[in-house]
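Visitor: I'd like to learn how to read the sheets in this one. Could you walk me through it?

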Amino acid sequence: RQACTQAETLTSGMNLTRTLGNLPPNVCQPSYLAEQAQKMAQDNSQLVVEVLAEEQLKELGANALLAVAQGSDQPARMIVLNYQGGNADEQPYVLVGKGVTFDSGGISIKPGASMDEMKYDMCGAATVMGVFDSLLKLKLPINVIGVLTCAENMPSGGATRPGDIITTMSGQTVEILNTDAEGRLVLCDALTYVKRFEPKSVINIATLTGACLVALGSQTSGLMGNNQELVDSLLSAGQSAGDAAWQLPLFDDYQEQLDSPFADMANIGGPKAGTITAGCFLSRFTKDYPWAHLDIA
C-alpha cells in the first residue's frame, strides 16, 4: 500500500511537469508559472510562495535574468517556493529550475525549423514544480526551496544585443556574445540569490545546451558539480529511477574558454565542449555551497 501511494505521488509530479511542458507558449508564460505555484500553496500550510516581479529583481541587481527578458512583452519572474517539512533550524535543499517559457534565441535567432519545440525550454522549472507536487503529497520531513527563473527570450528593438555587457547579482560582469546562450544568464542570478538560504546543497536543472544532445543523445542527462558526494548521490538516484545521468569533467582548464577582454567572462566558450563551458560559467556563481548542475536538454 505504501509503495502504491509513493508511486502515485511521484507520477502525479511527473504528470504536472509533462503537462506544463506541453502547454503552448502563449499560455505558459512567466506569469502563468507564478500563478500555478501560488495555487499550489493555497491549500498547504507547509508551502510558502513568493513571486519577485521586475521591480524587485532590479532592486536585487538580477540584471542577467532581466537582460534575457527585455526583448519580450512578457515580464520576467523569479518564483521562490519554500517547503518546510523539517525542523525550522535545518538547512534546506535548494532546487533551481530554468524557466525560459519560449526561446527564440533573441537577436541570435534560431533557425525556424523546430522552433515550436522551444516552448520546452522551461522544463527545468517544470521539473522543480513537479518535485514540489510530489513533496507536498509525500509530506517529506525535510526543508526544500525551489527557485524558478522565468523569462521569454525574444528579438525586438529593446532586446539584448551581442556585445552588450551586464553586471550580474554577484557583481561579476558578463559580455553577451550570443543571446541564445540565455539559460546560464537566467540561472546565474538565482544561484547568487540562494546563498541567503544557507543551503545544504543546490541542484540546478536546465534544458541548457544543444551540445549535451550531441555528446549524450536523448537518453542521458549531463551532470557536473563542485561536490563529488552530491554528484555521486545524483548518479545513484538516476540509476535507481531509470533516469540516467553521466558526469562530465569540470576542469579549470575549460574556464579559459570563457575569457573576455571586456568583462569578467563571456557567456559562451566557443564550439568546443559547449556543455562543459556552460557548467563552468555556472560554477563561477556557486563557490559558497555544494552544487550540482543537471543539463536535461
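Guide: Let's begin with a term: two strands count as paired if DSSP finds at least two bridges between them. Keep in mind that this is a predicted model. Take a residue pair to see it: isoleucine 165 stands opposite glutamate 175 in β6.

Visitor: How many bridges join β5 to β6, and do they run parallel or antiparallel?

Guide: In general, strands of a sheet pair through backbone hydrogen bonds, either parallel or antiparallel. Here β5 and β6 (residues 173–175) run antiparallel, joined by three bridges. They belong to an open sheet of three strands, ordered β5-β6-β10, with mixed pairing. β5 (165–167) and β10 (265–266) are at the edges with a single partner strand each, so one side of each has no neighbour in the sheet.

Visitor: What is the strand order in the sheet of eight?

Guide: Read it as β1-β2-β4-β3-β7-β11-β8-β9, an open sheet, again with mixed pairing. Its edge strands are β1 (47–52) and β9 (245–247), each pairing on one side only. Ignoring direction, neighbouring strands are turned by 20° against each other on average.

Visitor: Which helix packs on that sheet and touches β1?

Guide: That's α5 (residues 123–138), which also touches β2 (77–84), β3 (93–103), β4 (143–153) and β7 (201–206). Its direction makes about 135° with that of β3. Helix α9 (residues 274–283) lies across β7, β8 and β11, at about 145° to β11.

Visitor: And which residue in β11 is the bridge partner of glycine 225?

Guide: Alanine 292. Strands β8 (residues 221–225) and β11 (residues 291–295) run antiparallel and are joined by four bridges.

Conventions
Residues numbered from 1 in each chain as written. Predicted model: local features only at pLDDT ≥ 70, side-chain atom pairs only at ≥ 80, totals over all residues. Heavy atoms only, no water. Helix = DSSP H or I, 4+ residues; strand = E, 2+ residues; numbered from the N terminus. Axes fitted to C-alpha atoms, helices over the stretch in contact; angles between N-to-C directions. Contact = heavy atoms within 4.5 Å.
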